[in-house]
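Visitor: I would like to go through how the two chains meet. Could you take my questions in turn?

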Amino acid sequence: MSDLLIKNAFVIDPINRINGEIMDIAVRDGRIVEDVGQGAEVIDAAGCLTLPGGIDSHTHICGTKVNFGRYMSPEDMRAGREARRGVKHSISGYSVPTTYANSYRYAIMGYTTLLEGAMAPLEARHTHEEFSATPLQDVMANTLFDGNWGVMEAIRDGDLERAAAIVGWTLSAVKGFGIKLTNPGGTEAWGYGKDVTCIRDKVPYFEVTPAEIIETMIRSCELLRLPHSVHLHCNNLGKPGNYACTIETLNLVPDLNEKRQTLYATHVQFHSYGGSDWKTFCSKAEPVADTVNNRPQIVIDMGQVMFGKTTTMTADGPMEFNLYRLHHDKWSNHDVELETGSGIIPVLYRRKNLVNSIMWAIGLELALLVKNPWQCMLTTDNPNGAPFVKYPEIIALLMSKKYRDAEFATVHPDTGSKVVLPALERELDWNEIAVMTRAGQAKALGITGIGKGHLGIGAEADIAVYPLKVDDIDPSTEYQRVIDGFAQTKWTVKRGRPVSRDGEILVHGENTTIWVDPKIRPERDISRNPRFVEMFNHWYSVRMSNYPVQDEYLKRNLRMETEAAI
Amino acid sequence: MIHRDMICPFCGCLCDDLVITTEGNEVVQVDNACTLGTHKLMGAWKNRLKNPIMRNGGGWRDASYEEAIEYAAGVLLDADRPLLYGWSSTQGEAQGLGVSMAELLGGVIDSTTSVCHGPSILAIQEVGHPGCTLGQVKNRADLVIYWACNPTEAHPRHMSRYTTYADGFFLENAFRDRKLIVVDVRKSETTSIADEFVKVKPGGDYAVFAALRAIVRGRADVVPDTVAGVTKEQLVRIGEMCKEAKFGALFFGVGLTMAPGKYKNIRNAIELVDELNRYTKWTLTPLRGHYNVHGSNEVFTWMTGYPYAVDFSRQIAFYNPGETTAVDILARKECDACLIVASDPGAHFPKACLEHLAKIPTVLIDPMHTVTTPLCRCQIPTAVNGIDAGGTAYRMDGVPIHVKKFMDLGYPSDTEVIGRIFEQIKEVKHP
């Protein structure tokens with residue numbers, strides 16, 4: 001039995017509608033309880049901003065393409081090197097740091113739960129191996145189905161239940177969390193060097209459209225009763241004029257779930273571009289945000305771009321090749337048979353570059369124009385828009401018009417005619433930031449029920465105490481204090497145990513891998529379907545029996561079983 | 001007993017469809033494997049070292065595991081600059097422990113990568129890597145190039161599982177519909193089945209790549225009549241074949257990485273593939289030798305940020321191939337103790353390196369006598385991954401596979417032995 005008492009905390013807990021109450025938080029055996037006895041370890045939070053542990057609902061921290069980003073970038077490793085000390089391993093890297101570095105830096109910022117945004121099922125074992133080396137956060141992996149042959153054949157046959165059965169079996173087999181679609185259909189077309197333009201093109205050979213893939217997967221997700229909705233990286237990422245495709249895609253989405261959104265559209269900044277080429281490139285955040293405002297079944301994340309060096313990586317293989325042809329640095333590609341693909345290139349976002357400046361503005365515009373903070377999550381699509389260590393700066397930009405104006409004065413001088421950002425007066429408050437960085441993310445992921453994203457009785461005791469006295473700070477003018485405060489907690493508590501204090505890592509922890517196991521009727525078990533088995537053993541380069549991730553790859557794990565409707 | 005869908009622990013193909021028949025503790029039949037894999041699986045149980053051995057004057061004496069492990073830990077703890085080398089024929093779990101151990105010791109950890117595809121990685125770090133999984137090649141490729149390698153003899157099932165002889169989803173008659181180009185300095189078993197055999201003068205690969213890049217870009221006019229012994233006519237023909245292919249796959253071996261030009265050859269190869277992607281789809285894959293050498297690169301990378309040759313002497317991970325690579329450290333007589341795991345530098349390293357290995361306390365973890373054994377002061381036998389131990393391995397294309405154990409001969413795995421050495425080191429070194 002381990003007891004902890006956090007005293008005098010200034011608590012914001014949006015799920016429990018607590019907005020700035022001074023209170024004590026009692027913890028026993030990793031859960032929040034009513035009270036603990038005299039013997040408890042005491043942390044005096046002394047009126048400091050205390051939030052549920054941060055949750056990143058879209059980041060890239062583990063797996064084949066992340067590791068290849070490191071592999072190809074020794075120059076990135078020369079930044080951020082720190083020596084081994086105490087329980088802390090040596091770390092390296094800035095935009096694609098080592099697994100330990102990711103975990104420590106997130107912990108120091110108060111983050112306790114992370115979702116790896118894209119896991120190729122065939123290579124899932126790798127993601128789980130890296131998860132086991134991520135000591136301070138609970139983790140989960142969205143699983144890629146954008147170019148899944150079995151799914152596309154089921155769609156072509158009009159067999160929704162078969163598509164759902166394939167998704168259900170695959171999630172169980174690879175210990176995945178939710179459905180990720182990255183440029184649906186486009187990565188399959190990239191198998192022969194092609195792509196699709198928006199959602200009405202037919203995917204070569206399979207003769208299905210991205211729209212059909214998206215619709216079928218949304219319905220499959222609900223049939224399987226998955227906690228999280230479909231997580232979509234829209235088609236046409238990064239192309240001038242793509243906002244029309246984005247809006248057309250968002251307008252496809254029915255409202256199918258009372259508890260959460262039906263679609264999570266990711267890094268929408270990269271999908272809100274106007275113009276017809278790079279010369280006429282401009283922001284179309286307003287119509288995209290209007291669409292989101294009118295469709296409560298949709299949640300987006302920002303995909304904020306911040307200036308500086310980073311490494312872009314995505315399952316959207318053709319997009320990365322196009323981006324490489326603009327940047328001419330280096331390019332890695334990795335297509336995965338029957339499933340998906342990926343690409344990686346390093347990028348430098350520059351203030352002097354007009355396009356980069358407009359991109360920077362669009363992310364902020366989206367967060368300020370989407371009225372309901374529960375519908376817009378704060379992310380950079382780490383590391384695509386920027387490494388996650390930039391989150392404190394983004395928070396400050398959203399809380400301070402003065403800071404935005406100061407930054408705006410440093411970007412390309414023509415930016416003003418291409419964006420609406422200078423006209424936006426809104427300044428987000430502490431509660432809205434708490435929604436966008438933890439409560440909203442937990443709700444969107446469907447994990448509030450397992451005690452994530454809030455501080456109610458019975459919740460996981462994942463707690464972040466920031467050195468921010470909310471009553472003493474005016475975030476609209478004192479933005480540097482906001483940045484410093486969110487950059488490093490006074491205490492980060494993971495499952496009831498302090499894991500970092502003032503930037504120092506205190507323990508070598510053990511995470512929980514959260515995965516979903518939809519319970520499907522035996523007659524719908526696709527692994528017994530002769531056609532599916534034949535496809536598998538004929539066209540994959542591994543045997544079906546060697547495909548599932550063995551239990552031994554998951555140390556501590558939480559299996560979320562769902563009662564599928566098939 | 002019949003064991004199905006077993007994984008072959010020989011080369012980077014990691015074939016996973018083996019059927020192995022055992023009777024007691026003996027492998028009596030192996031189906032589906034190539035000659036090399038079959039030989040490893042059928043012979044491995046016979047020639048094992050029975051127990052740890054240690055130097056006894058000019059000879060050897062038997063030792064217990066406890067004694068050998070204590071000796072290994074002592075040697076590493078006493079060293080100022082220990083080198084932990086090998087790691088390519090063992091499970092990922094052991095590799096991970098090795099990295100943590102090197103970190104705590106302030107030592108250097110390197111894998112056999114530095115003497116095989118190290119130059120490929122240097123090239124990738126400069127220009128990237130347009131690759132794919134092997135199933136993509138199997139299902140799509142209508143043109144395959146093997147450059148400076150001989151898969152028929154080194155990776156005997158590569159062509160039947162993934163390329164020339166494999167069924168392809170998008171190819172009606174895969175064998176007839178695929179074209180095969182082999183580029184080498186001499187004829188080999190593989191060249192004999194090629195549609196085009198390109199015979200390059202030794203050391204001429206870089207020039208041939210450069211000529212092909214020019215041709216693909218439409219600048220055949222700058223190419224002379226012959227390039228490194230290859231006629232312009234043939235180069236133009238090949239350039240056209242490459243552009244006309246719907247999906248091309250280039251595989252290359254150590255004949256390219258270790259030829260004059262080294263990593264620049266690979267850089268030029270990658271840039272040719274990159275250029276071809278402007279016209280059609282092309283990918284490139286290094287043919288990795290040891291079954292888990294690519295795994296060592298993966299594990300080292302996520303733990304340290306670098307794929308091989310990682311030096312922890314500054315307490316941070318430092319990487320500078322040519323300085324922190326095993327051969328260089330040994331040739332400079334820099335390390336004062338060496339732990340060798342699952343590799344045989346005695347058979348491959350330069351003489352000066354071996355002389356130094358013999359002078360310092362060298363411990364070998366390997367199931368059998370090897371050419372490295374005579375250079376060591378202690379050898380600890382372990383189970384063979386894929387036979388009497390299980391664990392993770394990464395195929396040459398980065399697909400992680402769980403290599404399975406199918407018998408128990410009573411040996412501890414590499415992970416267990418290294419774990420025990422590490423525990424003893426932690427007792428002394430950990431704060």
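Guide: Let's start with a bridge: A:D335 has B:C132, in strand 8 of chain B, as its bridge partner. This is a predicted model, where local features need pLDDT of at least 70, side-chain atom pairs count only at pLDDT 80 or more, and totals for chains, interfaces and linings use all residues. Residues are numbered from 1 along each chain as written, chains are lettered from A in the order written, and side-chain values use heavy atoms, without hydrogens or water.

Visitor: Why are strand 16 of chain A and strand 8 of chain B said to pair?

Guide: Pairing takes at least two DSSP bridges between two strands (E runs of at least two residues). Strand 16 of chain A and strand 8 (residues 130–132) of chain B have three bridges, in the parallel sense, so they pair.

Visitor: What makes B:D5 and A:R543 a salt bridge?

Guide: The rule asks for a side-chain nitrogen of Lys or Arg within 4 Å of a carboxyl oxygen of Asp or Glu. For B:D5 and A:R543 the closest N and O atoms are 3.1 Å apart, so the pair qualifies. Across the interface of chain A and chain B the rule finds three salt bridges.

Visitor: How do you know what area is buried between chain A and chain B?

Guide: Buried area is the accessible area (1.4 Å probe) that two parts lose on being put together, summed over both. For chain A and chain B that comes to about 5500 Å², with carbon and sulfur atoms giving 52%. On the chain A side, A:Y71, A:R84 and A:Y192 lose the most area to chain B, together 15% of what that side buries.

Visitor: How many residues are in contact?

Guide: With contact meaning heavy atoms within 4.5 Å, 60 residues of chain A touch 67 residues of chain B.

Definitions and conventions: Helix = DSSP H or I, 4+ residues; strand = E, 2+ residues; numbered from the N terminus.
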